[in-house]
Amino acid sequence: MDVYILRHGRAEEAGPGMADAERRLTKKGREEIVKAGRWMAAQELRFNLIASSPLARAQETASVIAGCLGEPDRLVTWEILAPGGNPDTVCDQIGKYPDTRAILLVGHEPLLTALISRIITGNEDGAIALSKGALAKIRDFSNRTGPSGELHWLLTPAQMASTHPAR
């Protein structure tokens with residue numbers, strides 16, 4: 001199975017009385033995510049499942065991507081993708097879908113880089129930079145004897161917006 005990991009887009013600052021979970025995408029953040037969604041559609045990426053953190057900015061990011069791909073029925077919320085989540089718990093959840101071809105996870109830092117590192121190195125200490133709106137692809141994810149997989153690529157929003165995207 002391929003696991004795609006997308007960090008939510010740029011979000012507004014928390015205003016007075018606003019909970020962190022309520023922060024939504026900024027205009028620029030939404031524009032970057034729309035471009036990322038269009039890039040994914042141009043690459044003909046398809047997901048059996050699009051799992052998002054319950055926080056507003058991640059939910060909005062996942063919804064935009066699902067809309068760009070014509071897959072709004074694939075959206076689910078995983079509480080374990082919220083800030084403070086555990087990479088092994090996320091891997092266990094992914095492992096519950098053994099017949100799935102591709103899953104997209106939408107969430108937050110530092111969970112997402114810890115997750116990527118856990119899968120590709122066996123620990124959470126990998127130095128990985130995942131900017132807001134960045135997308136990583138991990139090929140051949142397995143959780144049979146612990147998380148494993150191969151980082152195939154990691155793209156920034158600017159790279160996805162370029163005219164010559166990588167496949």
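A salt bridge is a side-chain nitrogen of Lys or Arg within 4 Å of a carboxyl oxygen of Asp or Glu. The model here is predicted, so local features need pLDDT of at least 70 and side-chain atom pairs count only at pLDDT 80 or more, while totals for chains, interfaces and linings use all residues. Residues are numbered from 1 along each chain as its sequence is written, and side-chain values use heavy atoms, leaving out hydrogens and water.

Start with Arg139 and Glu150. Their side chains meet in a salt bridge, 2.4 Å from N to O. Arg139 sits in strand 5 and Glu150 in strand 6, eleven residues apart. Strands (E, at least two residues) and helices (H or I, at least four) are DSSP runs, numbered from the N terminus. Arg139 is partly exposed, at 30% relative accessible area. Glu150 is partly exposed too, at 37%. On this scale, buried means under 20%, exposed means over 50%, and partly exposed lies in between (1.4 Å probe, protein chains only).

Now look at the two strands themselves. Strand 5 (residues 135-142) and strand 6 (residues 148-155) run antiparallel, joined by six bridges. Two strands pair if DSSP finds at least two bridges between them. Ile138 has Leu151 as its bridge partner. The strands form a hairpin with five residues between them, and Gly146 in the turn has a positive phi of about 115 degrees.

Strand 6 also holds Trp153, which pairs with Trp39 of helix 1 (residues 27-42), so parts 114 residues apart in sequence are tied together. Rings of Phe, Tyr and Trp (its six-membered ring) pair if their centres lie within 6.5 Å; planes under 30 degrees apart are stacked, over 60 edge-to-face, and the rest tilted. The whole structure has four aromatic pairs. In the pair of Trp39 and Trp153, the ring centres are 5.6 Å apart and the planes stand at 90 degrees, so the pair is edge-to-face. Both residues are buried.

Return to salt bridges: the structure holds nine. Arg24 forms one with Glu60, with the closest N and O atoms 3.4 Å apart. Arg24 lies in the loop between strand 1 (2-7) and helix 1, and Glu60 in helix 2 (residues 56-69), so the pair ties together parts 36 residues apart in sequence. Arg30 meets Glu60 as well, at 3.0 Å from N to O. Is Glu60 buried or exposed? Glu60 is buried, with a relative accessible area of 10%. Arg24 is partly exposed at 42%, and Arg30 is partly exposed at 40%.
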